Amino acid sequence: MALKLVRRKPSSNRSNADVTDHDTTDLGPQSEPPPHDSVAFCREMLPLTSRTFALNVPMLPAPLGDIVAMAYLLCRVADTVEDEAAIPAAVRVDLLTELSSLVALPEDWQGGSATWAERACRLLDDGTATDQVRLVAGLPVLLDDLAGRPRAVRKLVQACVRDMTSGMAETVLRRPDRSCGLEDLDEVLGYCDIVAGTVGTMLTGLFAWHSGAVAAVLPELEPRAAAFGRVLQLTNIVKDVRVDLDSGLCWLPRSVLADCGIDSPDQLRDPALATQARGVLRRMIAATHRELLEALAYLESLPTSEVGIRRFCVAPLLMAVLTLRKLWADKDGFGASSVKISRRAVHAALVTTSVCAARPVVLGTLVNVLRRPLPRPLPPHSAFESSAVTEGRSIDEAIAATVTLLAKTQAPSGSWPADYGSMPVSLALHVITCYAVGAMPDDTACAHLEQQLRACQNPDGGWGHGVGSSSVVPVSVLCYAALRLLGVAANEPRLRRGRAWFLRHGGALVMPPWGNIFLAVLGACDWKRLSCSFIPEMWLLPRWLPMHPDRMWRCPRPVLASMSWLCARRAVIEDNAVLRELREELYTTPYQDVDWGSTGRSRSWVLKAVCATYEAHPSRTLRERAMATALDLIEHENRSSNHVGHDLIPTALDTLVWHFARPGGEEITAHIKRLGWDEPNGIKPFESRDTSFTVQALVESRHPGARQTLLDTSGFLVCDQHRPEHRSRGNTDETAEALKAILVLDVQGIAAENTFQHSPGIIDLLLSTQNPDGGWPRCVSAEGPAWLEKLDSSNVLDNFVLDSSTVEATSSCTTALRSYRARHPECRYLGALGRAIAQGEEYLLRTQRADGSWAGLWSAYFTYGTWLGVRGLFESRDPRATTAADRACEFLLAHQRADGGWGETIDDSGHHHYIHAATSQAAVTSWALLALVNAGRATSPAVRNATAFLLRTQQPDGDWPDQRIPGAMPRYAAPHNSVFPLWALSAVVNARESS
């Protein structure tokens with residue numbers, strides 16, 4: 001399987017047909033005249049034309065080895081002719097066509113082959129290697145060998161040469177100039193199929209002819225046979241880029257070059273474009289990596305009883321992986337010459353082949369370890385069916401349709417509230433909270449809630465953090481409880497599967513404290529389990545202590561206040577039959593037998609021990625004071641934010657607190673209104689950030705119809721702004737995005753009169769919340785030491801205690817301050833703004849990952865985080881920003897799908913690498929598109945393909961298909977499917993116009 005026919009300089013004195021070049025002496029004699037014995041001739045010529053292949057062929061059992069050697073050399077004859085640039089294209093096509101006819105062994109093949117060989121040798125350039133000329137001259141000997149083989153063997157070899165020569169002839173006519181590269185990656189893969197995929201198919205047939213065991217698994221091997229050939233061919237194309245360039249050749253796809261900012265292949269040698277060249281290298285290795293996975297699957301299907309055949313396949317595959325590793329480790333991109341793996345590496349590959357070829361598990365583990373440093377493989381070809389989608393609109397029509405849609409969906413207040421119903425945990429907590437406070441929606445809304453919870457259920461019976469993400473116990477238990485509260489019977493098939501899943505994984509006994517609070521309110525968890533997690537007395541500690549909750553919690557401070565108040569109150573709603581049944585259904589043991597004191601989970605044994613000691617003999621006076629303090633903090637937060645809250649969880653917790661603290665009071669009434677099920681299709685309690693994004697997208701569109709839609713929006717943002725005296729303050733990124741929205745409205749001349757009344761307070765907030773590391777946290781700057789993370793008792797996320805910097809908040813705040821400085825160049829903050837912006841940019845540059853991405857905190861977080869990283873550095877004066885943006889583009893381009901879009905999913909925030917979704921998604925594609933446009937790639941093929949994907953998938957009403965973005969939380973979900981696509985399409989148009 002080691003045939004790799006890579007284009008090379010004809011005058012070279014060595015073959016370039018190896019999977020990798022390596023330092024080793026030529027194998028075999030070099031006698032002058034070709035021997036008449038065809039087998040001896042093949043054995044002599046094989047090491048002279050491919051050293052690696054000569055190492056592999058002896059591993060095959062007889063007579064398979066000699067047959068494969070003969071077939072390989074016939075293909076090398078075709079390659080030599082097709083590769084000879086000195087021969088006119090039309091003459092080469094004639095020679096290839098005649099060669100195909102001769103290999104079919106017509107009656108006069110002996111005389112015809114001699115005439116053909118004489119003519120071909122006469123036409124070869126004087127600089128052609130002697131061994132190549134001898135091989136072409138020996139065509140009659142090779143055909144003599146072929147004629148003596150069984151009919152089944154002849155048919156396989158003839159089919160391979162026929163397909164190869166016809167494909168080569170077509171390529172010669174279509175691409176006479178080989179210096180500018182091929183059109184795109186598909187054309188490169190098609191060419192690899194011609195010169196190597198055909199060989200993989202032939203060899204698979206020969207293996208099946210030789211072995212009944214292989215023939216039995218032929219249906220599994222045939223679909224992957226071509227991929228085995230492609231991975232070896234692609235490896236050689238990538239490793240020989242510099243050698244080919246020096247010979248005036250290029251086999252790289254022009255679309256990839258353009259995507260990475262390379263205008264012509266010669267620029268790959270420019271040191272100033274090393275980052276762009278490495279982007280090309282990443283994309284090509286990622287494409288090769290994808291074929292490698294198919295090759296591994298091919299290898300796994302080969303019977304272990306056929307040790308020789310497996311060894312023959314394993315050796316070149318290992319050398320290919322080692323070559324790719326060495327290529328990627330070279331930080332200079334495409335080196336000064338062809339990459340060579342050492343003689344020691346070749347020897348190690350051969351020894352490993354002998355030891356592991358018949359041990360699939362060991363071999364698979366080894367290859368997986370070896371390929372780990374490589375760029376992640378390109379996603380498989382998308383299942384996107386163009387026939388299932390209507391013909392795409394023009395980009396102007398698409399923008400107009402979306403602007404019209406947003407005008408229709410704008411709320412009377414002037415906002416665009418997001419739909420958070422896609423998150424199973426949001427749905428579940430909404431139902432539990434409404435049930436606990438006696439404010440269940442009407443029957444129609446309950447039916448929609450039930451329908452959405454059912455739609456979020458995974459095939460295994462559980463529920464994940466997001467749609468399509470892996471099932472987890474906390475979410476599964478809460479979703480199950482929510483369905484039971486909606487009236488679904490416990491013996492209903494879906495609930496039986498859900499209950500079976502979470503009981504197999506420990507049931508509610510393994511719930512973290514944040515989830516147990518909601519169960520405890522329902523009476524489905526004893527408060528004893530939470531007594532060591534949240535105690536309100538912590539609020540009475542001196543503020544200067546580092547462990548004071550007001551200094552250590554990343555999530556909004558009222559979350560801890562609400563949790564500690566509910567724990568101290570031991571709040572439980574009135575019992576009923578459904579709740580009694582629920583208690584017995586959530587645990588692996590009977591409810592009355594649970595030892596609540598020994599099942600509590602906490603990361604911090606120190607905090608647990610301190611709290612347990614205090615809870616054994618709590619002070620009644622301190623408890624009452626602490627509860628009053630916590631309630632005061634909750635009330636202050638609610639009033640100053642107009643009961644908006646920071647998220648669904650704090651809103652739900654506050655609602656529960658007021659239900660028990662002041663039943664029927666104005667607080668619970670206001671919260672119930674905020675929790676209300678506005679429409680049957682979603683939970684929409686949060687509006688500020690969603691509206692800010694929508695405003696920026698509409699302004700970017702420059703559409704005349706957007707102006708009227710935006711008139712009331714600035715008034716909403718002013719009304720929704722937290723008061724300056726708000727103690728716990730709003731989210732920094734949400735505040736920054738609102739400031740940017742107000743600024744762009746001001747530029748349009750449609751901002752409300754009192755829009756900038758509190759702008760000094762906003763700037764003070766953003767400047768004061770910047771962390772010492774230069775980044776911004778989600779809420780307030782980190783004030784405590786790192787060891788406070790060990791006191792985390794919530795078990796929500798890693799690094800949860802300190803409000804550390806995030807790329808989301810840093811990008812939003814940096815761009816907001818930059819926009820404010822540009823709009824108000826005479827402001828008194830000018831010096832402070834400059835310093836803060838520079839520090840924010842430094843944080844973004846420092847936190848960019850080695851692969852060029854930024855990891856966001858929520859949602860599909862690599863694509864989203866990378867867009868925000870590039871956005872934060874957009875218009876930066878730091879010269880390093882351009883390189884960082886190029887590296888980010890390199891990362892994004894490596895994950896673009898065949899349909900032009902992007903799709904990302906995560907199971908939970910513990911994953912630290914990109915995971916491809918099943919299909920491309922409009923929102924994720926838009927984030928990648930915005931990043932590429934910000935990086936100056938608006939005219940690249942990748943942007944054109946992504947734009948075409950968005951236009952092709954837009955619905956008639958201007959929206960896009962409802963493709964929920966899986967993730968840990970919905971914090972940065974799009975307010976509508978349409979907002980980010982509108983933003984991205986508008987940015988593409990504006991960038992092209994400006995260029």
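Me: Which residue forms a salt bridge with Arg-230, the closest N and O atoms being 2.8 Å apart?
Reply: This is a predicted model, in which local features need pLDDT of at least 70 and side-chain atom pairs count only at pLDDT 80 or more, while totals for chains, interfaces and linings use all residues. Residues are numbered from 1 along each chain as its sequence is written, and side-chain values use heavy atoms, with hydrogens and water left out. A salt bridge here is a side-chain nitrogen of Lys or Arg within 4 Å of a carboxyl oxygen of Asp or Glu. With closest N and O atoms 2.8 Å apart, the residue paired with Arg-230 is Asp-193.

Me: How many residues apart in sequence are the parts that Arg-230 and Asp-193 tie together?
Reply: Helices are DSSP runs (H or I, at least four residues), numbered from the N terminus. Arg-230 lies in helix H11 (residues 218–239) and Asp-193 in helix H9 (residues 185–210), so the parts that this pair ties together are separated in sequence by 37 residues.

Me: Is Asp-193 buried, partly exposed or exposed?
Reply: Buried means under 20% relative accessible area and exposed over 50%, with partly exposed in between (1.4 Å probe, protein chains only). Arg-230 counts as buried because its relative accessibility is 15%. Asp-193 has a relative accessible area of 28%, and therefore the class of Asp-193 is partly exposed.

Me: Which residues are linked with Asp-193 and Arg-230 in a network of salt bridges?
Reply: The count for the structure comes to 38 salt bridges. In one network, Asp-193 and Arg-230 are linked with two further residues, Arg-290 and Glu-291.

Me: What separates Arg-76 and Asp-79 in helix H3?
Reply: Arg-76 forms a salt bridge with Asp-79, their closest N and O atoms being 2.5 Å apart, and both Arg-76 and Asp-79 are buried. An α-helix has 3.6 residues a turn, so residues three or four places apart point the same way. Because Arg-76 and Asp-79 are three residues apart in helix H3, their separation is about one helical turn.

Me: Is Arg-620 buried, partly exposed or exposed?
Reply: Arg-620 forms a salt bridge with Glu-624, with the closest N and O atoms 3.4 Å apart, and the two are four residues apart in helix H28 (residues 620–640), which means about one helical turn. Glu-624 is partly exposed, with a relative accessible area of 49%. Arg-620 has a relative accessible area of 67%, so its class is exposed.

Me: How many degrees lie between the planes of Trp-867 and Phe-980?
Reply: Rings of Phe, Tyr and Trp (its six-membered ring) pair if their centres lie within 6.5 Å, and planes under 30 degrees apart count as stacked, over 60 as edge-to-face and the rest as tilted. A search of the whole structure finds 16 aromatic pairs. Trp-867 and Phe-980 form one that is edge-to-face, at 5.8 Å centre to centre, and the angle between their planes is 80 degrees.

Me: How many residues apart are Trp-867 and Phe-980?
Reply: This pair links distant parts of the chain, with Trp-867 in helix H38 (residues 861–873) and Phe-980 in helix H42 (residues 979–994), at a separation of 113 residues.
Trp-867 counts as buried at 1% relative accessibility, and Phe-980 is buried at 0%.

Me: How is the pair of Trp-927 and Phe-980 classed?
Reply: The ring centres of Trp-927 and Phe-980 are 5.6 Å apart and their planes stand at 75 degrees, so the pair is edge-to-face. The pair links distant parts of the chain, 53 residues apart, with Trp-927 in helix H40 (residues 922–934) and Phe-980 in helix H42. Both residues are buried, and the class of the pair is edge-to-face.

Me: Which residues form one aromatic cluster with Trp-867, Trp-927 and Phe-980?
Reply: Trp-867, Trp-927 and Phe-980 belong to one aromatic cluster.

Me: Which ring lies under the charged end of Arg-278?
Reply: A charge sits over a ring if NZ of Lys or CZ of Arg is within 6 Å of the ring centre and within 35 degrees of the ring normal. The charged end of Arg-278 sits 3.7 Å from the centre of such a ring, that of Trp-328.
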